[in-house]
Structures are given as C-alpha cells and as structure tokens.
Amino acid sequence: MTLTLRSAQGLVCAIVLAGCASAHYVPVKRADAIGPCQTAVSSRDVLLGVAISGGGSRAALFGAAGMEALARVQMPDGTSLIEQIGHLSSVSGGSLAATYYALKKPGREVKVFATDGTLSEAYRAFFTQYRADLSQDFQTALIWRQLLSFRWVNSALAARTLSDILKERLFGPARMQDISAREKAGDSPGLIVNTTLYNNGRRLALTTLPAEVFSYDFFDDLERSLQQHGRVMEPSPYMRKRWELLRPMTPLEIHIDPCPLPLSGVATASASFPPLIGPITMRIGDEDTYWHAGDGGLYENSGVESLLFLHLNQIQEKRTKRALIIAFDSSFPFSVGERRLSIRSLPFSLLTFDFSRVPSIMEERATTYQALFFRSLQLEGVFPDSKTVSAIVLHHTDAKWAADLSDLPPVCKTEPDPPQTPEAVRERIAEIPTVLGLPSECDRQLLATAAAKLVVERRDEIVEFMSRP
C-alpha cells in the first residue's frame, strides 16, 4: 500500500514538474519572400494612422471606445473619419482592439452614417459587439486553464494558453492574410502589431508591409538641415548603426512569411509579459536559431513609433504631403506607482513588490528622451514641422469631467462608494489595473466615456489637419 501511494505521489509530481518545466518552441517554415498577402502604403496627400497603447483590457476597451468616437467624426465631405485611416499600430493589450477592428469591422459597402448623420445600425451593432467581446475576462480563463493543465509556472505554455483563448473568443482561425485581403478590398485599414525581440532588443512589427516602408533615412534629413545652416555633418558609423537599431524589423527579416501567422498568436506575442506570459519562442526552418518575441511596449508603450517611421519614410519619398497620428494612450500612469510607494512602509520582497515598476521606470525615461529628441529636431528643421507631421495623443486620465458629475456614467452612481468629485473620477480611472479582464462595469464605462470626451475635445483640430489643402 505504501509503495502504491508513493508511486502515485511520484507520478503526480512528475506530471506537475513536466507541466512546469516543459517549454515548447513554435516551428515556423523558413521564408525568403512575403507571400501574396504583401501590402503597400497607399499614396495619399494625407496619411492617417491610429495607435492603441498597451495596458491590458484597460487599453483594449479605451481603444475600442476611441475607434467608435472617431467613427462619429464627420468630415466636410460627409464621410466618417475612420474611412481615412490607413494603418492601425498597436502594443500589448491594445493589439486585441486593433486586430479585432481590422478583422471584423463592416466592409466598405456598409455606410458608416445613417441619413440623419448618426451611426448606421450596422456600425452601432458592430461597436456594441466590439466592446462586449473585449470586456470578457480573459485573465481568469487563462489562470484556470493553466492550473488544470499543470502549466501554472510555465510562461511559454501560458502564451500558448492565451493564444488558444483568443482564438476561441475573438479571432477564430483567422490569419494575417485575412487582414491583408480585407485591406486590399478597402474593407479595413492595414495592421501593425508591435512586439519585442528579446534576442536583439529591437521592435518586431508583425505586418504584411515590406521592411523598406519603415526605412526612414534620418541622416539624409540631418545632412540637409546642416547644409542649410552652412555646416558639414561628421561621419559617424556608430550613430548610424544605433539609429538602425531603432527601426522596426519585419517578419521577413528573420525569414518569416507573415501571411499564415494566426491572429491569436500575433496578438498574444504583443500582449505577453514575461515572466507571467511568454515570450513566444520560434524556430525558423531547420536552423538552430531561436527568436523570442514578447511584449511590444517594453520602452515605447503607445504604438506611435512604428507609424512615425512609416510616415516619415513616405514624406521623405514624396509619396505623401502630410501625416497625422491619433494615439489612444492608456498606459498605466507612472504617478500612481509613486503615490503608492510613497505611503508604503514595508520593504520589497519577492511576493509583495510589483516588478512591473522596473520597466516602467525605464519606459518613463525613454519616453521623455524620445519626446525631447523628436521635438528638438523638429524645431531645428531636421524633422518635418508640426503642420506636416503631427501626433495627437489622448490619455485616458486627461478627460475633463463636469463639476457636478452630471456626465458620470449612471452605473457608477449606483456603486456603494461612488466618486464625488472630478478629481476622484480621474483618480479612479488612473487606478484601473493592467489586467486581461475588468470586472467593474463602472470602470468600463468610465474608459468609454473618457475616450468619447477626448475625441470631441480634439475634433476640430483633427478635422482641420485632415481637411487642409
């Protein structure tokens, strides 16, 4: 009896350890060319791109509400602003919203507006389903599947589990080639889902666009600007190499054809956050080289950077005159962590310290340097001026609320302890956690209302930029 019990215990331990220790790479067929799904950037006088940041379900729902708000913006010719969006660029949780939109939005034959200028019935139904599908509790489903399959400490298998859940609940068997077909038919914008390659630290843009559309030659514009000031640029191979590291890589550069990539896997790669989920490890063909792709927002969590490279390249190639980026940025506010840590007396421990604070500190500094760099060079005439290239960044915490809170979603007023002031509402929104599931209907409604408010606030600026001759 004792031997039998010990044998059973040993079997259970072996199963558990196998689930914990076994990690699997994804075999990917080697490719040296993009298949028939390759797309191009349309030649337009004005390019419009939309970026949706990382931030779990908070970002997904804020981005979805933002897309609906943009749909309601009517241009002078009577069309909807969303009909002019060329590309969506997303990071992490925002990739759920961007990928869903590109895959499932009504086609070009469906009118956005009804005769009275409101959203058509088809688009109202789409956005209602859009928000409902993204409101699902993916995180609880992920935890239970991990536990029941003895995978709970295996981040590689957690990525596989999340991919399975997204396939079942959002994307089905759809692949990147399906998005490409819709884009070519004029039914949806192009899609750029951003991940990070842990091998070299570079951004991997999962897209059907070729690599050259991101090859903006910064030093060409720098040399032109210096010549205008009577100065000569000193050659710097080191700086040229460092600049190249900033350019987004594309799948073909690591010998992957993006066409057959499943959308569930693409979104998972962007949304994974080691050591909890992922990264996804890929083996290309028979080579003994492995690529590890994970969270796309490690240093730039807005999704803007890939669009900026693309737009600057198109302006430099004289394929467009102007470009606008609208960014729905619901990154977790850095100040929230500061406020929490300022009142914490306990020292850090393995189980009580939020380790996401470490990349947040690096991201905060990188974002600051990035903003100073681009704005300074824009003022110096290296980059195009703000009338040529502009970014309108909409932060979920920046929405303005009425002093009497008459604009507070009704569901929030029925809570046991509803916010009583506009400042309390802003703090409530800022505290919404980064998880893959928001159980509070009030939180979901606050994000939707904030997105709508911010678009209305910047509507005239957007329309003016897009309509300028």
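Author: The ring of phenylalanine 334 has the charged end of arginine 357 over it, 3.8 Å from the ring centre. A charge sits over a ring if NZ of Lys or CZ of Arg is within 6 Å of the ring centre and within 35 degrees of the ring normal. Arginine 322 has its charged end over the ring of phenylalanine 465, 5.2 Å from the centre.

The model is predicted, so local features need pLDDT of at least 70 and side-chain atom pairs count only at pLDDT 80 or more, while totals for chains, interfaces and linings use all residues. Residues are numbered from 1 along each chain as its sequence is written, and side-chain values use heavy atoms, with hydrogens and water left out.

Rings of Phe, Tyr and Trp (its six-membered ring) pair if their centres lie within 6.5 Å; planes under 30 degrees apart count as stacked, over 60 as edge-to-face and the rest as tilted. One of the pairs is tilted: tyrosine 123 and phenylalanine 127, at 6.2 Å centre to centre and with 40° between the planes. These two residues are 4 apart in helix 4 (residues 121-134), and therefore about one helical turn separates them. Helices (H or I, at least four residues) and strands (E, at least two) are DSSP runs, numbered from the N terminus. Tyrosine 123 is buried at a relative accessible area of 2%, and phenylalanine 127 is buried at 0%. Buried means under 20% relative accessible area, exposed over 50% and partly exposed in between (1.4 Å probe, protein chains only). Elsewhere, Tyr216, Phe218, Phe219, Trp243, Phe309, Phe373, Phe374 and Phe383 form one aromatic cluster.

Burial also marks helix 3 (residues 94-104): 10 of its 11 residues are buried, so the rest of the structure largely encloses this helix. Among these buried residues are Leu96, Tyr100, Tyr101 and Leu103.

The packing of helices comes next. Helix 6 (residues 155-171) packs against helix 10 (residues 263-271) at an angle of about 125°, with the axes 8 Å apart. Axes are lines fitted to C-alpha atoms, for helices over the stretch in contact, and angles run from 0 to 180 degrees between N-to-C directions. Helix 6 and helix 10 are therefore oblique to each other. Angles under 35 degrees count as roughly parallel, over 145 as roughly antiparallel, 65 to 115 as roughly perpendicular and the rest as oblique. The residues in contact (heavy atoms within 4.5 Å) include Leu162, Leu166 and Phe171 of helix 6 and Leu263, Ala267 and Thr268 of helix 10.

Aspartate 443 belongs to helix 16 (residues 441-467) and counts as buried at 10% relative accessibility. Apart from neighbours within four places in sequence, aspartate 443 is in contact with Arg428 and Ile432.

Proline 279, in the loop between helix 10 and strand 6 (280-284), is joined to glycine 278 by a cis peptide bond with omega about 5°. Lysine 318, between helix 11 (304-316) and strand 8 (322-329), has a positive phi near 60° and counts as exposed at 74% relative accessibility.
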